[in-house]
Amino acid sequence: MHVSLAEALEVRGGPLQEEEIWAVLNQSAESLQELFRKVSIADPAALGFIISPWSLLLLPSGSVSFTDENISNQDLRAFTAPEVLQNQSLTSLSDVEKIHIYSLGMTLYWGADHEVPQSQPIKLGDHLNSILLGMCEDVIYARVSVRTVLDACSAHIRNSNCAPSFSYVKQLVKLVLGNLSGTDQLSCNSEQKPDRSQAIRDRLRGKGLPTALQSVFMVLLLVISKLCTLQKEYGFIEEALLLMH
């Protein structure tokens with residue numbers, strides 16, 4: 001049994017907390033590293049998924065896996081690396097690794113911003129901010145590797161007093177299964193940094209699903225408003241012509 005990241009946050013009705021992001025990042029990077037040990041670029045079926053809130057699966061064991069099943073109705077463009085959208089050729093496993101790193105970074109940004117009002121900043125410390133931005137570099141060669149992500153996670157674990165990464169993932173799974181309330185959280189004694197990067201919010205709002213959907217709705221509202229105006233004007237003209245006759 002497993003749950004997706006999107007399901008967990010839908011139940012909670014709020015974003016991932018910073019230590020939860022670190023935990024999902026660590027477990028996801030370990031899963032990617034293990035996957036790349038087992039497969040090759042000649043086996044595209046094993047590497048063909050796009051990491052997103054709906055394809056990132058949280059397991060009861062506290063680990064993370066990925067899937068490409070049952071997500072065909074989701075718009076994944078915001079989570080797809082630029083080089084994939086541009087149909088650039090991939091020449092190595094390192095290229096494929098960087099594609100998944102981009103998708104994972106955007107997915108965690110989505111989790112950090114989930115149901116947060118745009119007027120409020122998302123709560124990310126400088127270290128995590130830097131790692132996620134490095135994961136979402138538009139240029140593939142500037143993007144950080146899985147090894148770099150794992151090293152950053154290891155350094156964070158050594159310097160904090162938080163629970164093990166798998167504990168946070170297990171808690172998110174239990175949240176969906178109804179064993180925990182949405183407000184229950186594992187304790188952590190690491191200090192929250194007061195400075196937050198608005199650039200993260202701007203980047204996510206500019207490329208994430210919420211902005212895309214809002215743009216569509218705004219266009220539809222403008223079209224509807226214009227049609228109503230034309231209808232009123234047409235009705236007024238038609239009524240005037242009838243009075244003239």
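## The overall picture

How many helices and strands are there in the protein? There are 9 helices and 3 strands, where a helix is a DSSP run of H or I with at least four residues and a strand a run of E with at least two, numbered from the N terminus. This is a predicted model, where local features need pLDDT of at least 70, side-chain atom pairs count only at pLDDT 80 or more, and totals for chains, interfaces and linings use all residues. Residues are numbered from 1 along each chain as its sequence is written, and side-chain values use heavy atoms, with hydrogens and water left out.

Of the 245 residues, 44% are buried (under 20% relative accessible area, using a 1.4 Å probe and protein chains only).

## Helix 1 and its buried face

Take a look at helix 1, residues 5-12: Leu5, Ala6, Ala8, Leu9 and Arg12 are buried there. Seen down the helix axis, these buried residues fall within an arc of 160° (taken from the directions from the axis to the C-beta atoms), so they line one face of helix 1. An α-helix has 3.6 residues a turn, so residues three or four places apart point the same way.

What do the buried residues of helix 1 pack against? Their partners are strand 1 (3-4), helix 2 (18-38), strand 2 (56-58), helix 4 (93-113) and helix 7 (165-177), with contact meaning heavy atoms within 4.5 Å. Just after helix 1 comes Gly13, with a positive phi of about 75°.

Definitions and conventions
Buried means under 20% relative accessible area, exposed over 50%, partly exposed in between (1.4 Å probe, protein chains only).
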